[in-house]
Amino acid sequence: MINTYSRLFDNIKLNPVVEFYNGDFLEHDWSNASVIFSNSICFNASIKKTIIKKLEKLREGVYFITTCRFFPNNSDLFWDQLFSFKSKLSWGGAQVFIFQKTM
Ligand SMILES: C[S@@+](CC[C@H](N)C(=O)[O-])C[C@H]1O[C@@H](n2cnc3c(N)ncnc32)[C@H](O)[C@@H]1O
């Protein structure tokens, strides 16, 4: 995804170090993240609420990519919606939203 959409993320270095963790993502420390991808199409309100709380702690400029409407009314004071498009995923199609943190 980073390669495909790299032109959108000109301040992010390509060929990043990718690490995989097996565990509860709500317990994981994301505070160093540049890009968060949340394949959140089936997440319930409680999971989304916890994710939003974790997103609040991230620095300005971080990108958040999600496969569903996420914020209430799909807008948030601290996140700009940059793009939205329909994408083909393994189980069908989903609307993808790309946000950037503004403050
Ligand atoms: C839409 S599926 C995406 C599956 C796959 N990761 C992908 O991107 O194609 C969402 C996945 O998130 C997992 N999930 C939900 N809550 C989680 C949590 N707190 N920690 C880790 N995984 C979780 C679910 O089990 C499910 O497999």
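The legends below describe close-up views of a predicted model.

This is a predicted model, in which local features need pLDDT of at least 70, side-chain atom pairs count only at pLDDT 80 or more, and totals for chains, interfaces and linings use all residues. Residue numbers start from 1 along each chain as its sequence is written.

**View 1. Elements of the protein.** One helix and four strands are present, in the sequence order β-α-β-β-β. Helices (H or I, at least four residues) and strands (E, at least two) are DSSP runs numbered from the N terminus. Of the contacts with a separation of 6 or more, 55% join residues 24 or more positions apart; a contact means C-beta atoms, placed from the backbone, within 7 Å.

**View 2. The largest nonpolar core.** Nine residues form this core: Ile51, Leu55, Tyr63, Phe64, Phe70, Trp79, Val96, Phe97 and Phe99. Helix H1 (45-56), strand S2 (63-66) and strand S4 (92-101) each contribute at least two of the core residues, and the largest share, three, is from S4. A nonpolar core is a set of buried Ala, Val, Leu, Ile, Met, Phe, Trp, Tyr and Cys residues joined through C-beta atoms within 7 Å; buried means 20 or more other C-beta atoms within 10 Å of the residue's own, with C-beta atoms placed from the backbone. Buried residues are 10% of the 103 in the protein.

**View 3. Residues around the ligand.** Asp24, Phe25, Leu26, Asn39, Ile41, Cys42 and Ile47 surround the ligand, each with its C-beta atom, placed from the backbone, within 6 Å of it.

How values were computed. A residue is buried if 20 or more other C-beta atoms lie within 10 Å of its own, exposed if 12 or fewer, and partly exposed in between; C-beta atoms are placed from the backbone. Two residues are in contact if their C-beta atoms, placed from the backbone, lie within 7 Å.
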